[in-house]
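This report concerns helix packing and salt bridges. Please keep the sequence and the model at hand while reading.

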Amino acid sequence: MTRHQRLDKLKDTIRKYSRYVSPALLAASLVAIITIIALFIPPYIGMADNGDYFRMLYSNGLYFNAPDYDSLYLGYFNKQFGIFQYFNENGATLTSSQSLLIRFSIWVNQWFDQHVFDIRVQGAILTLLYIAAVYLMVEALTWKMPAKYGYIVAILSVFVFADTAYTAFFNSFFSESMVWIMLIYLFASGLLMFRKRYNDYAMMGIFFISGLLLTTSKQQNAPVGVIIAVIAVIYIFVRKERSYRVLMASSLACLMLAGVATYVLIPKEFVNINKYHAMTRGVLMESEDPEETLQSFGIDRQYAVLNKSIYYEPYTTIDVDSSLLEDEFYSHYGFVSILTYYIAHPEQAGKMLDLAAKNAFTIRPPAMGNYEKSVGKPFGAQTSFFSGYSELKRALAPKTFGFIVIWMLVILGIYMPHFIAAIKAKHVRSMLRLPLILMVMLMGLSGIFVSIIGAGDADLSKHEFLFTAAFDLVTLTAVADAICRHLWQNKPEALKKA
Amino acid sequence: MKAKQGWRKSVLVMMTMLLMLPAPLQAKAKPEPSSLLIVYDSLALGTSREGNVEALQRLLASFQVQVTVESLAAYQPGTLTQYDKLIEIQNRSDMWDTPSEYVKDLEHYQGEMLFIGEKPRDRLSQALGLQLMDKAAAADLSIGPFQENSVQVPYLYTSSLGEDSWYGSLKAHHAEAAYPYGVRVAPYAYVPFLEKDTLSELAISYLLKDWLQPSQPSHYYVVFKEIYPFSDLALLEQLADELFEAGIPFIASIRPVFSNTDYPAMKRYIQALNYVQSRNGTIVVNAPVVASTIQDLDRSLYNLMEHFIDVLAQDGVIALGMGTEMYWTYDAHYADEGMSFFDSAILFPNERLMYKSKSNTSVAFSSSLYSMDPAFLKRYLIDERLLEPLPMDTAFTYDLVQQKEELLSIADRLKSSWITFEDYKNDSHIVSTPAYELKSERGALYRNGERMGIQAGREETSGDYVYKEQEEKSFEQWFTVQNKIFIVIIFITLIVFTGFLIIGYRMYKRKYYK
């Protein structure tokens with residue numbers, strides 16, 4: 001058989017199978033299989049508690065029922081928790097979309113067990129959501145793409161989406177799982193509208209709900225609502241019908257409000273940790289004269305001794321939640337005053353951004369273990385099962401803020417000609433892709449800025465999750481478009497018609 | 001031959017018993033008497049007697065006794081034989097008569113006993129001549145210069161022993177007769193009830209004193225706590241001046257700082273402490289705050305405390321003891337890592353329990369002050385002028401408030417008080433780190449054997465302190481020049497490139513749009 005014959009045979013095979021298994025279905029199925037192996041077949045993979053679970057658990061009617069729970073912190077994943085059988089004095093408050101997910105998971109769990117909550121129930125719900133999200137995303141990337149390229153993109157997507165650095169979050173109470181899945185839905189629905197693949201109203205619904213759940217998943221994501229609301233204005237003009245435009249506009253207004261509400265409504269205890277770090281591990285840390293800096297905020301210069309200290313220190317001079325700090329320290333600054341400070345001290349801001357970039361490409365936070373204690377792995381051991389992409393990214397990405405800027409410019413640059421052509425053709429739908437990419441990039445950037453302003457350099461790799469997620473989606477899209485020559489070659493719909 | 005074997009056996013038994021003795025958590029402090037066991041049936045949570053076990057623990061610590069606390073349910077057979085003193089606390093009536101290993105051991109127990117509760121054991125009841133007079137009666141409790149009116153007394157006992165064996169008196173409202181609060185005749189003692197933060201807490205201390213430490217004199221001290229590097233240090237110095245002029249020695253329990261100890265802010269803190277020391281104040285190190293956050297930080301409390309004591313000592317501030325919540329003495333980790341430098345302590349009531357390695361047995365200190373809110377004493381005092389020292393060394397404890405008026409009013413109250421306050425430095429207190437041995441004796445302070453003057457110098461903290469070390473940059477000049485050259489080259493390239501683009505575009509237009 002000659003080379004040509006072999007190639008023809010391969011093409012035939014691909015054509016035959018692509019009738020039954022589209023690239024999106026292939027990617028979703030592979031991600032499903034790998035995720036199920038990772039999360040639901042022993043040894044189960046999940047995330048250890050870093051101390052943040054408490055707030056989330058008790059406010060949603062769960063409690064720690066493992067007698068040795070203290071020994072599991074940071075080291076081991078724990079899959080079972082008790083369900084309160086009596087009045088929950090902790091005040092069940094619904095403050096985030098993460099709470100909504102946990103409540104729903106508890107409700108489902110109670111069909112099987114009234115007393116013990118198994119976090120794998122939540123894992124299963126998230127996995128189902130995730131598979132659908134991956135399907136939509138790969139469909140958006142490969143729509144109208146030649147089958148041979150489509151399968152290459154599908155395989156590449158599997159490497160990103162099935163990475164256990166992402167999926168391990170499903171078996172945890174961290175809101176990163178929600179952030180990741182909703183970001184994919186948001187991006188995929190936006191892209192599918194651009195491709196005109198499904199019904200616009202359905203996509204608008206997904207766009208709105210995912211945006212809402214993403215914004216309200218944690219306080220750090222408050223700017224996300226605002227960014228979507230501002231940049232997605234162009235989506236209003238995709239169709240001419242009044243009903244569509246009203247619906248889209250009111251969705252965006254809702255997202256804007258959700259952003260503001262998320263910022264205002266988050267519990268105070270959480271704010272203290274971040275406020276402490278914002279000053280001691282941020283503003284003061286890179287200051288040439290911490291005393292002068294403190295005085296510029298109206299704080300007693302003696303607080304300089306707290307410079308570089310962290311909230312989690314086991315032995316401290318002062319209780320980090322004490323009324324003295326509350327009155328004399330925390331009350332003197334906030335998000336806005338720190339932002340103003342960094343604007344006035346760009347050199348310091350630059351140093352912090354470089355510091356932030358060092359952790360901006362890490363998906364799996366290094367501090368938390370992935371296995372249950374019973375597996376017998378050492379304390380804090382992390383899985384290497386299907387982690388090729390996350391490991392590669394962590395090892396190879398240049399970790400400076402300059403690289404992030406260059407990456408943004410390059411991506412925007414390669415999508416720009418298409419956007420300009422669409423403007424010239426006055427074809428709104430074809431204009432959607434660049435703003436969408438810009439929107440996700442800005443969300444990622446907001447993740448970095450909010451981390452630094454809100455919590456200094458503490459827990460950076462966890463706080464910057466939004467950036468690393470945005471980076472992956474945008475880069476994957478650019479690579480997929482490059483593979484199937486959608487960057488420059490495919491002209492806007494209007495131009496094609498012309 | 002048999003006699004010889006018997007002798008060997010008894011030596012063997014004695015050695016085994018010695019080995020079974022609980023090892024004290026800290027070898028340095030050698031309290032007298034050596035060991036005491038508290039057995040309680042219930043902590044009485046949610047009742048008026050909640051906290052009475054803890055109150056008793058704190059009182060016993062101030063008598064320098066090493067205490068082991070055991071619940072009746074967790075009692076291990078044979079434990080009792082290891083102790084020469086026993087306190088039983090009966091907080092509920094249904095557990096004591098149940099036959100148990102403890103009751104069996106108690107039948108053979110030969111040591112001294114104090115019973116707190118409703119139903120004293122027959123042996124003790126007979127020895128003290130106790131007779132139940134009434135139940136659940138209202139009475140006035142008085143002892144020494146103190147009186148608490150209308151106390152709901154669960155049980156009123158009288159004793160056939162002479163009144164010299166009585167402690168305090170309970171005068172029932174419905175009868176003329178007065179009954180004792182406590183009765184003691186060696187080896188037995190009895191009190192019918194003990195409640196935290198009531199006069200009974202003070203009343204029992206008179207009995208405990210005679211029982212545990214009859215000959216030791218006791219004193220009053222003044223302690224200020226909640227002193228941070230961020231407190232109003234000028235106000236602290238003003239307080240020191242006020243008290244110095246009034247001749248009132250005092251103790252400052254200061255919060256430790258574990259990082260940035262070379263900062264000017266820290267120097268100002270140390271200067272203020274130096275000043276306090278020069279105004280007849282004594283410095284003790286307050287326990288650090290134990291965080292409730294979950295962390296994976298491997299911090300050695302021992303190293304942190306050692307560093308802080310050394311930093312103070314280096315600048316002439318001699319810390320003579322430690323101020324801490326009482327539960328620290330029942331925790332092997334804190335005892336070994338945080339308290340082993342000190343032989344003296346001031347024990348505050350527990351506020352937030354953060355055990356790391358909880359132990360049933362306490363560490364005893366050769367000097368241990370009983371911290372007390374002065375308002376508590378005032379509540380029961382009939383006449384302030386009558387106030388003799390309480391049975392134990394007592395520290396009137398105040399927080400260093402941030403409002404000037406409030407703080408000066410505390411100073412005024414102390415000045416107008418009839419109480420004589422003792423200088424902490426008059427006793428011997430020793431603090432040892434690998435680098436320093438700090439001690440006090442008869443009012444003088446010593447650092448590594450050298451007597452320290454207590455004059456504080458006023459030194460302005462340096463304004464040119466370098467917070468961030470500038471990194472050594474080699475070839476800095478070279479890279480600056482190189483940078484400039486590259487910037488120029490890149491600009492020229494950009495201009496040329498733009499030119500080419502424009503030319504190319506024009507050529508393209510000319511070719512296709514003719």
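## Basis of the model

The model is predicted: local features need pLDDT of at least 70 and side-chain atom pairs count only at pLDDT 80 or more, whereas totals for chains, interfaces and linings use all residues. Residues are numbered from 1 along each chain as its sequence is written, chains are lettered from A and ligands numbered from 1 in the order in which they are written, and side-chain values use heavy atoms, without hydrogens and water.

## Packing of α10 and α11 in chain A

Helix α10 (residues 222-231) of chain A packs against helix α11 (residues 242-265) of chain A at an angle of about 160°, and their axes are 7 Å apart. The arrangement of α10(A) and α11(A) is therefore roughly antiparallel (an angle over 145 degrees, on a scale from 0 to 180 degrees between N-to-C directions, with axes fitted to C-alpha atoms over the stretch in contact). Helices here are DSSP runs (H or I) of at least four residues, and strands (E) of at least two, numbered from the N terminus. The crossing of α10(A) and α11(A) is left-handed, that is, the near helix is turned anticlockwise from the far one by less than a right angle.

On the α10(A) side, the contact (heavy atoms within 4.5 Å) involves A:Ala222, A:Gly225, A:Val226, A:Ile228, A:Ala229 and A:Val230. From α11(A) come A:Leu252, A:Leu255, A:Met256, A:Gly259, A:Thr262 and A:Tyr263. Nine of the residues in this contact are nonpolar, three are polar and none is charged; Gly counts as polar and Tyr as nonpolar in this scheme.

## Salt bridges within chain A

Over all chains, the structure holds 26 salt bridges (a side-chain nitrogen of Lys or Arg within 4 Å of a carboxyl oxygen of Asp or Glu). One of them joins A:Glu372 to A:Lys79, with the closest N and O atoms 2.9 Å apart. These partners lie 293 residues apart, A:Glu372 in the loop between α16 and α17 of chain A and A:Lys79 in the loop between β1 and β2 of chain A. Both A:Glu372 and A:Lys79 are buried (under 20% relative accessible area, with a 1.4 Å probe and protein chains only).

A:Arg195 and A:Asp481 form another salt bridge, at 3.2 Å between the closest N and O atoms. It links helix α8 to helix α22 of chain A across 286 residues, and A:Arg195 and A:Asp481 are both buried. A network of salt bridges connects A:Asp200, A:Arg239, A:Glu241 and A:Arg429.

## A salt bridge between chains

A:Glu291 and B:Arg268 meet in a salt bridge of 2.6 Å, N to O. This pair runs from helix α13 of chain A to helix α7 of chain B. Both A:Glu291 and B:Arg268 are buried.

Note on methods
Parallel < 35°, antiparallel > 145°, perpendicular 65-115°, else oblique. Buried < 20%, exposed > 50% of the residue type's maximum accessible area, 1.4 Å probe, protein only.
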